[in-house]
Amino acid sequence: MIRRLAAAAAAGLLPPLLLAVPTFAHGAPTTPISRSAACAAGGGTATGTAACKAARAANGGPFGTFDNLRVPNVNGDDRKFVPDGKLCSGGLAAFKGLDLARDDFPSTTVSAGKTLPIKYRATLPHEGSFRIYLTKQGFDPSKKLTWGDLGGKLAEIKDPPLSNGSYQMSVKLPSDRTGRHILYIVWQTSSTADTYYSCSDLVFKPATAAGAAPVATKKAAASKSPAARATTAAAPAASPEQADTTPAAAEQTQQAITPVGDQSKVTLGHGLVAGALLVAAGFLAYALIGGFLRRRRENR
Ligand SMILES: [Cu+2]
C-alpha cells in the first residue's frame, strides 16, 4: 500500500521535475541586445531577422537556449578555451551560427563618449565578475571576431546589483569609436565552474547626432508584427532617428523574455541543483519500479 502511494506520488512528481530541468538557465545581455538573446531559443526577440535566420542556417541545427552560452572550467583563461573567430559562440557548436561575420545582427545604437547601460538577464543568478570589452576602432564587421580585435577591458564589474531579473551595470564608451562594433562580455562566475560569453552589436551614431539617449535597439522594431517587420526590412535607408526606438519599446522587448520570478533568489551552483535532481530522480525511479513489480506480483 505504501509502495503504491509512493508510486502514485512519483508518477505525479516526475513530469514537473522533468519540466524543471530546462530552467537550469543562466544569463545573457538583453541591453545592449546580444546575438544569443536576439536569435537563440528562449530569448528569440528577433529570430525573424535575416541575420538570425542566417545564423540558424549556419548552425546546421537548433540553437541552444539564449542564456546557456557557457563553457566550464575556463578559470579566466578565455583565450585558451575560446578560439579566434569563435568568440561569439564561445567555441560551442550549439551557437556557432552567432560567429557569422555580418553587419546586420540586431544592434543597439549608441553614442561615443557616453555611458552605456547594460542589463544582463539572469535567468539563474550566479556570483561572479563581468569583463567587458569593445572592438578597437577600425574593426571590420565583415570578418569574424578575434581576440586581437578587442582592446583592453572597458570595465570589470564584480557582483553588480540584480534587479528586475537582470544584473545592472554601465560602462563609459570610448569617444573615438565610429560605425559598427561589438561589445564582448565575459561573465566568469565564481559560484559555478562556468564562464559565459556574449556578443552585442553596437552602432555608433555619427558625431553630429551625439548627445541623444544611448539605448535604442533595432530588435524592438523586429519584435513588432510581421507586417511591421517587413516594413522595417523594406526601408533600410531609414534615418538614425527612425531606426532608434523609444526606451519604452525597448523595455517591452525585455519583458518578452521569460520572466525570472522567484528564481532570482536561487544561488545554488549547477552541480548542487543537478545532484539534488539526480537523487530525486533516482528515488522516484526506485518507487515507480517498486510499485510496478509489486502490482505484477499481486496480479499473479
Ligand atoms: Cu547558470
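Colleague: Which strands form the open sheet, and in what order?
Modeller: Four strands form it, in the order S1-S4-S8-S7, with antiparallel pairing. Two strands pair if DSSP finds at least two bridges between them. Strands here are DSSP runs (E, at least two residues), as are helices (H or I, at least four residues), numbered from the N terminus.

Colleague: Which strands stand at the edges?
Modeller: Strand S1 (27-31) and strand S7 (162-163). Each has a single partner strand, so one side of each is left without a neighbour in the sheet.

Colleague: Before I go on, where do the values come from?
Modeller: This is a predicted model, in which local features need pLDDT of at least 70 and side-chain atom pairs count only at pLDDT 80 or more, while totals for chains, interfaces and linings use all residues. Residues are numbered from 1 along each chain as its sequence is written, and side-chain values use heavy atoms, with hydrogens and water left out.

Colleague: Back to S7. How many bridges does S7 have with S8?
Modeller: Two, in the antiparallel sense, with strand S8 covering residues 166-172. Ser-163 stands opposite Ser-166 in S8.

Colleague: And S5 with S6, parallel or antiparallel?
Modeller: Antiparallel, over four bridges, with strand S5 at residues 128-134. Ser-129 has Lys-158 in S6 as its bridge partner.

Colleague: Which side chains of S6 are buried?
Modeller: In strand S6 (residues 155-158), Ala-155 and Ile-157 point to one face and are buried. Buried means under 20% relative accessible area, exposed over 50%, and partly exposed in between (1.4 Å probe, protein chains only).

Colleague: What share of the protein is buried?
Modeller: Buried residues make up 43% of the 300 residues. The accessible surface is about 14400 Å², and 60% of that belongs to carbon and sulfur atoms. The areas come from the Shrake-Rupley method with a 1.4 Å probe; for residues, only the protein chains shown count as cover.

Colleague: How many residues are in the largest nonpolar core?
Modeller: It has 31 residues, and Leu-145, Tyr-184 and Tyr-197 have the most contacts inside it. A nonpolar core is a set of buried Ala, Val, Leu, Ile, Met, Phe, Trp, Tyr and Cys residues joined through side-chain atoms within 4.5 Å. Helix H2 (35-39), helix H3 (50-59), strand S9 (179-189) and strand S10 (194-204) each give two or more residues to this core. A second, separate core has 20 residues, including Ile-132 and Met-169.

Colleague: What does Tyr-197 touch?
Modeller: Setting aside neighbours within four places in sequence, Tyr-197 is in contact (heavy atoms within 4.5 Å) with residues including Leu-69, Val-82, Leu-87 and Tyr-184.

Colleague: Thr-195, buried or exposed?
Modeller: Buried, with a relative accessible area of 1%. Thr-195 is found in strand S10. Among its contacts beyond four places in sequence are Leu-69, Arg-70 and Trp-187.

Colleague: How many aromatic pairs are there?
Modeller: Nine. Rings of Phe, Tyr and Trp (its six-membered ring) pair if their centres lie within 6.5 Å; planes under 30 degrees apart count as stacked, over 60 as edge-to-face and the rest as tilted. Trp-187 and Tyr-196 have ring centres 4.9 Å apart and planes at 35°, so this pair is tilted. Trp-187 is buried at 0% relative accessibility, and Tyr-196 is buried at 0%.

Colleague: Which aromatic cluster are they in?
Modeller: Trp-187 and Tyr-196 form one with Tyr-120, Phe-130 and Tyr-167.
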